[in-house]
Every structure is written in C-alpha cells, then in structure tokens.
Amino acid sequence: WSRFPLQRDWLKECQTCTGPVLVMDVRDSYFQLDPFGPGSPPVTGLQVFQEAVEQRTTHWLTAWPIGTCKGLHFNETMLCSGTTIGTRAAMLKYLDIMYAEMKVWISEMKCRFDIN
C-alpha cells in the first residue's frame, strides 16, 4: 500500500510530468510495445484493468478483509490496482483516493489484518 502515497508525492513533485502516467507492479510489467508510442490508444481519464473473469471479488483475499472492514459483499470480476494508467490529473486524484482509503484502514481496528 505504501506505493500509493509515494507515487502521488513523486508525481506532484514532478512538474515536467505532464503526459499520461502508468503505475504498475513489477510482476505485471512485460511490454510488447511502447505503451505511449505510435499506434497506442489515447489515454483519457483513468483506466483500470480487470483480472481474468474467474478472479472474483469473492476470493478470500478480498472478500474477507473488505467484508470485515467495509461490510461490503459482492461477486464481480476483480479490478487490478497493480496496473493503472491515466492522465496526470486523473492519476493524482486516484492516488489521493487510495491514500485516503489507506488512512481509514489504518485508523480503524476492524480494518487491520496480519496476513503477511
């Protein structure tokens, strides 16, 4: 989780970073082409990616903590926070929201889990 406030701070400090922003886990990074190069689709707003259709929000790694902390239970295809792309403004908003949610989870005892 620490990557979200760090990425936000780095992006805020980088005044020359005005184009699209891609954040991703190292394990997710394999490029066949330049994601910003010729022929790449335009980046507008925020774009998140779905996991494989069988990766559901009912998976224990999400269902249990989210159910306990937020009281939410649903069965949808999981979205991947490990790979996100967007405009600078959209990415800053996304990273602000992720950091705000992270602080909620830290401040509420029912949202703390020792699952490492």
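Analyst: Helices (H or I, at least four residues) and strands (E, at least two) are DSSP runs, numbered from the N terminus. Thr62, for example, lies in helix H2, residues 60–70. The model is predicted: local features need pLDDT of at least 70 and side-chain atom pairs pLDDT 80 or more, while totals for chains, interfaces and linings use all residues. Residues are numbered from 1 along each chain as its sequence is written, and side-chain values use heavy atoms, with hydrogens and water left out.

User: Is Thr62 buried or exposed?

Analyst: Buried means under 20% relative accessible area, exposed over 50%, and partly exposed in between (1.4 Å probe, protein chains only). Thr62 counts as buried because its relative accessible area is 18%.

User: Which residues does Thr62 touch?

Analyst: Contact means heavy atoms within 4.5 Å. Leaving aside residues up to four places away in sequence, Thr62 touches Arg56, Thr57, Gly67 and Met78.

User: How many bridges join strand E2 to E3?

Analyst: Two strands pair if DSSP finds at least two bridges between them. E2 (residues 46–50) runs antiparallel to E3, with five bridges; here Phe49 has Cys80 of E3 as its bridge partner. E1 (residues 21–24) also pairs with E3 in the antiparallel sense, over four bridges, and Val23 stands opposite Thr84 in E3.

User: How many residues of E3 are buried?

Analyst: In a regular strand the side chains alternate between the two faces of the sheet. E3 (residues 79–86) is mostly covered, with six of its eight residues buried.

User: Which residues make up the largest nonpolar core?

Analyst: A nonpolar core is a set of buried Ala, Val, Leu, Ile, Met, Phe, Trp, Tyr and Cys residues joined through side-chain atoms within 4.5 Å. The largest one has nine residues: Phe4, Leu11, Val21, Val23, Met91, Leu92, Tyr94, Leu95 and Met98. Leu92 touches Arg8, Leu11 and Lys12, not counting residues up to four places away in sequence.

User: Which residues lie nearest the centre of the second largest pocket?

Analyst: On a 1 Å grid over the protein atoms alone, a pocket is an open set of points where a 1.4 Å probe fits, with protein on both sides within 12 Å along at least five of seven lines; lining residues have an atom within 4 Å of a point. Of the 13 residues lining the second largest pocket, Leu22, Phe31, Pro35, Phe49 and Ile85 lie nearest its centre. E1, E2 and E3 are the elements that give two or more residues to this lining.
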